[in-house]
Amino acid sequence: MDHQLCLPGGPITQSGIYLAFHKEHRTPHEILFLEGESFPTCNTCNGEVRYTLKHAAPHILDDNDFH
Ligand SMILES: [Zn+2]
């Protein structure tokens with residue numbers, strides 16, 4: 001599950017740090033995504049970018065001790 005590749009346009013089902021893999025123009029890098037949004041396309045490689053969850057990090061609004 002953690003190593004599943006996510007496509008741009010697909011739903012983000014877990015908040016956390018993801019790795020973004022681009023088509024040649026950029027080395028993989030970390031990026032934070034929040035649950036409930038959609039994975040974006042890249043301005044350079046468009047729909048060729050892929051994402052995989054590196055470290056899940058629940059949003060504070062989903063933690064019962066903080067609201
Ligand atoms: Zn790109």
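His25 has a relative accessible area of 37% and is therefore partly exposed, whereas His22, at 17%, counts as buried (buried means under 20% relative accessible area, exposed over 50%, partly exposed in between, with a 1.4 Å probe and protein chains only). The structure is a predicted model, in which local features need pLDDT of at least 70 and side-chain atom pairs count only at pLDDT 80 or more, while totals for chains, interfaces and linings use all residues. Residues are numbered from 1 along each chain as its sequence is written, and side-chain values use heavy atoms, with hydrogens and water left out.

Both histidines are protein donors of the zinc ion, His22 through ND1 and His25 through NE2, together with SG of Cys42 and SG of Cys45, at 1.9 to 2.3 Å from the ion (donors are N, O and S atoms within 2.8 Å of the metal, or 3.2 Å for Na, K and Ca; water is not among the atoms, so sites may look incomplete). The spacing of the donor residues in sequence is H-x2-H-x16-C-x2-C. The arrangement is tetrahedral because the four donor atoms subtend angles of 101 to 115 degrees around the zinc ion, the criterion for four donors being that all angles lie between 85 and 135 degrees.

The protein chain contains three strands and zero helices (DSSP runs of E, at least two residues, and of H or I, at least four, respectively). Its C-alpha trace spans about 45 × 20 × 20 Å along the principal axes. Of the 67 residues, 27% are buried. Among contacts with a separation of 6 or more, 59% involve residues 24 or more positions apart, contact meaning heavy atoms within 4.5 Å.

How values were computed. Four donors count as tetrahedral if all angles lie between 85 and 135 degrees; four count as square planar and six as octahedral if opposite donors are over 155 degrees apart and all others between 65 and 115; anything else is irregular.
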